[in-house]
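Here is a short walk through this model, from its confidence down to a single side chain. Keep the structure open beside you as you read.

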Amino acid sequence: MNKEKFNIPVLPLRGVAIFPEMVMHFDVGREKSVKALEKAMKRDEMILAVAQKDADVDEPQQEDLYTVGTIAQIKQMAKIGDGQFKVLVKGTARAKILDLQEEDYLSADVEIIAEEIVEEDTEHKALVRTVGECFERYAELNPRITDEVLYGILNLKNSLEMVDIIIGHIMLEVERKQEILECLDAKERMIKTIKVLESEIEILAIQKEVMSKVKSRIDQSQKEYFLREQIKVIQEQLGDKDGVLGDIEKYQNKMKALSLPEEVTSKLEREIKKLRNTPSSSPDNGNIRTYIETVLDLPWNTTTKENVDLKKANQILSKEHYGLTKIKERILEYLAVKKLCNDVQSPIICLVGPPGVGKTSIAKSIAHATGRNYVRISLGGVRDEAEIRGHRRTYVGAIPGRFVYGLSEAKSNNPLMLLDEIDKMSNDFKGDPSAAILEILDANQNKAFKDHYLEIPVDLSNVLFVATANTLNGIPKPLLDRMEIIEVGSYTVLEKVEIAQKYLLPSQLEKHHLTKEQVKITKANLRTVIEQYTKEAGVRNLERTIAKLCRKVARDIVEQEVDTVQVNAAKIREYLGTSIFEYEEKNRDAEVGIVRGLAWTSVGGDTLSIEVNCMKGKGQLELTGKMGDVMKESAKAAVSYIRSKASELEIEEDFYCKQDIHIHIPEGAVPKDGPSAGITMATAMISALTDKKVRADIAMTGEITIRGRVLAIGGLKEKLLAAKRAKINTVIVPMPNKRNVEELEANVTEGLEIIYAATMDDVLEYVFV
C-alpha cells in the first residue's frame, strides 16, 4: 500500500472507533454503508472505518465525520437478515480524510498517516512499563479481560501497537477514543493512555466496592428472612403470645367488642389479613398497624350523657362567664328543645367578635354546661385540604385529618368541637380547606364523612360545632351560610370592672398564691387600671396588667414584711408607671370646621376629630391623614352633595371653582378607612364653607350618598361606648341602625341622647350652635 493519496470506500461507524491491529465485528444495515462494503470487497477488501460525531445522524456528510479514521481489511461479511450484514474487520493503519465524495456510497481521498519511529530511551521504556502495569491492574478489576488476552497484549514487541490494542479493549466514549486515535506523538499517546487507565481503574474499584456492599446487604436480608420465618414457626408452636399473631388476635377481639358497622369491619379484616402476610421488617407493617389502631381508637360507640338541666347549665355558664347573654340564651334554647325531643340536630354556631372577649373560653363553658367532652381544632393558617380530609395512605407519613384526630382525642362521638380562628384559613395549590369543611358542617352530609386516610365513613352528626372568628370578611359565603352567626361585642368599662373583680382578680390571686385579705383594690381603682393602662375590646391585656399588679404586691409583701397592700391610685402609678392611654375628650368650645366622628377599631371604638379648612384656590380637594380609598370616596360624595344643595345651604354655587378644601384627620400615621365618616366630613365641610360653629358635645357616624341619604354602619356598640368615654352626650346615628340601638344593653345607651338621621337635613338640624 503506497503512502500517496488514494481513493477508498468509507464506512461511517456509530458509537465505535477502530484502531490499527484491532479486530472487531459489528452489524451494518444502512444502504450506503452496505454498498461501500460491497465495493471494497470487489476491489481489495480495504475500507476506511471512521467514527461519526453524532450517532443519531443517518446520512452523514463530511462535517459529521471525524477527519482521522482507520484503514481496515474486511475479513468476513455475512448476511444476517433483510439488508443486514455482520462484518469482521481488522485495522491496519491510520488515515486522514482529504476529500469526501458521495454517490451510491461514501468514498474519500485519503492519506496514510505513517507511525513515527520511536526512540527506545529510558523515558520511553518507563512509559511502556507504566502502561503495562496499569493495564494489568485494570485487567484484575475487569473480569472480561482474560489472562490469555492480557499476556498476549503485554508480550507485543511494538509499543504503539500495544497501546492501540489496549485502548480498543477499554469501554470508553467515542470522543475519548478518537482523541487517542488522532494523537500522533508516541509519548503523548502513551501518557493519554495511562491517564485513561488510571481513571478507569478508580471507577472499577468504586464499582467493585459498591457491588460488595450490595451483595453483603442482600445476604444479610436473606439471613434475616430465614430467621424471621423460624421465629414465626416457633411462635406458632408456643401460641404466639407476644408476636404478630398475638397482636392480630387483640385487634380482632377489640373489633368484636366495639360492634362496628359492616363496612368498617370489612375494611379492618382486609387490613388484618394484609398485616398477617407482611414481614415485620417491612415499612408497610408499621403503616398497617398504625391504620388499624387509629380506626379502633375512634369512639364508635362511646357517647357522653348530655346535661339537659337548664337550671344547672345556666348556673355553670353564669358562674364561668360574665355577660355574653346571646350565646348563653342560644345554648339554653338548644337544651330546652333537646329535653322535649331527644332527636334534634346540634346547632353549628359561629361566634364573631374582637380578640379577648371570651369566644374560646365560652366554648369550654358550653362543653361543661352541656356535659360534652371538649376538643379544640385550630384552623388559623391552615391552607392544605389534607389537614381537614387527611392524607391518602399512598403518601409516606400519611395521617388522618384534624377532625378525625380530634374525635379520637375527645374519646366520645358527641364532643363539642371548637373550630378556632375559622376566618384565618387560606388556600393554595394544595386545595381549599374551607371547601372541605363544607361537608363537615352540613348536617345532611356529616353522618358519613369520609376521611382520605381512613377511607371509611365516620359519623360527625352528634358533634356540637362552635366556630370563632374576628371578622366575617375572611369566611367564604357557602361556609358562612352553614353557620348560625352570633356577634360578640366589646365589653363596656362597667362590664370590664365586673369581670376583673369576679373572675380575673381571683384567678390571678390564686396563681400568685395571694389572698383577698392581702390585696385590697376597689372598683374605682380597677376602673382606673382599665381606662388608663388598657385599650382593648376584650380583657386579655387587662388580665396581664392585673397579673403585673399581683407580682408587684407579692414583692412588697416579701420585702416589706406587710400583711396587706392597699392598691390605691398612688400604688397603681408606682406599680404600673404613668398612664399609658389617654382618651381624647370632647372639645371645650364649639368651633368652625371641626366635627367629632366615631370609629370602630380592632380594640374597640374610638372618636376622631375631622378638621376642614377652606382657602382661596382653584377648587382642589386635599385629603390627608392616611385615608383609605373608601374614605376618600366618601369625601368626594360629600362634596357632590354640598354642590347640589349649595343654594339651600347658603353657600356660593361656584365654591368648588374658587376655593380649595383640605380635609385632615389627626393621627396621620394610623391608617383609616370605611364609609362611616361620610356625614362627619360633610358636616365639617358645610361648617367651614358657611363659617358656622359645630356643637362640641355632639358626635356622629353614618355613610353619606351623593343625594344626602344616611346609610347604616357597623360597630355601633363600640362607637357609642367611645362617645361616652369622651364625655359626649349627643350622638347622631343612621335611622336604619335604630333596631341595633334597641338591642343594646341599657348601660350602653344610658346617659346618651341618640338622634336618628335619615338624610343630611336631619343631621344639619342639630349640629350647629
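Confidence in this predicted model is lowest in helix H6 (residues 186-238), with a mean pLDDT of 75, and highest in strand E25, at 94. For the protein as a whole the mean pLDDT is 84, and 96% of the residues reach 70 or more.

Now for the overall build. The protein has 27 helices and 26 strands. Its radius of gyration is 46 Å, whereas a compact globule of 769 residues would come out near 27 Å. Along the principal axes, the C-alpha atoms fill a box of roughly 125 × 95 × 65 Å. Buried residues account for 46% of the 769. Of the contacts between residues at least 6 apart in sequence, 73% join residues at least 24 apart.

Next, have a look at the open sheet of seven strands, which runs in the order E19-E20-E18-E17-E22-E25-E26 with mixed pairing. Strands E19 (621-624) and E26 (753-757) stand at its edges; each has a single partner strand, so one side of each is left without a neighbour in the sheet. From one strand to the next, the twist averages 30 degrees. Within the sheet, E17 (residues 594-601) and E22 (residues 698-700) pair in the parallel sense over two bridges, and glycine 597 stands opposite methionine 700 in E22.

Elsewhere in the chain, is helix H4 (residues 159-169) enclosed or open? Nine of its eleven residues are buried, so H4 is largely enclosed by the rest of the structure. Among those buried residues are Leu160, Met162, Val163, Ile165, Ile166 and Ile167, and also Asp164.

Finally, zoom in on threonine 294, which sits in helix H9 (residues 283-297). Its relative accessible area is 18%, so threonine 294 counts as buried, the cut-off being under 20%. The side chain of threonine 294 reaches the backbone oxygen of threonine 290 at 2.7 Å. An α-helix has 3.6 residues a turn, so residues three or four places apart point the same way. Setting aside neighbours within four places in sequence, threonine 294 is in contact with Pro400, Tyr453 and Leu454.

Methods
Residues numbered from 1 in each chain as written. Predicted model: local features only at pLDDT ≥ 70, side-chain atom pairs only at ≥ 80, totals over all residues. Heavy atoms only, no water. Helix = DSSP H or I, 4+ residues; strand = E, 2+ residues; numbered from the N terminus. Buried < 20%, exposed > 50% of the residue type's maximum accessible area, 1.4 Å probe, protein only. Polar contact = N/O pair within 3.5 Å; in protein donor to acceptor, adjacent residues only side chain to side chain. Contact = heavy atoms within 4.5 Å. Pairing = 2+ DSSP bridges. Axes fitted to C-alpha atoms, helices over the stretch in contact; angles between N-to-C directions. pLDDT = per-residue confidence, 0-100. Rg over C-alpha atoms; globule rule 2.2 N^0.38 Å.
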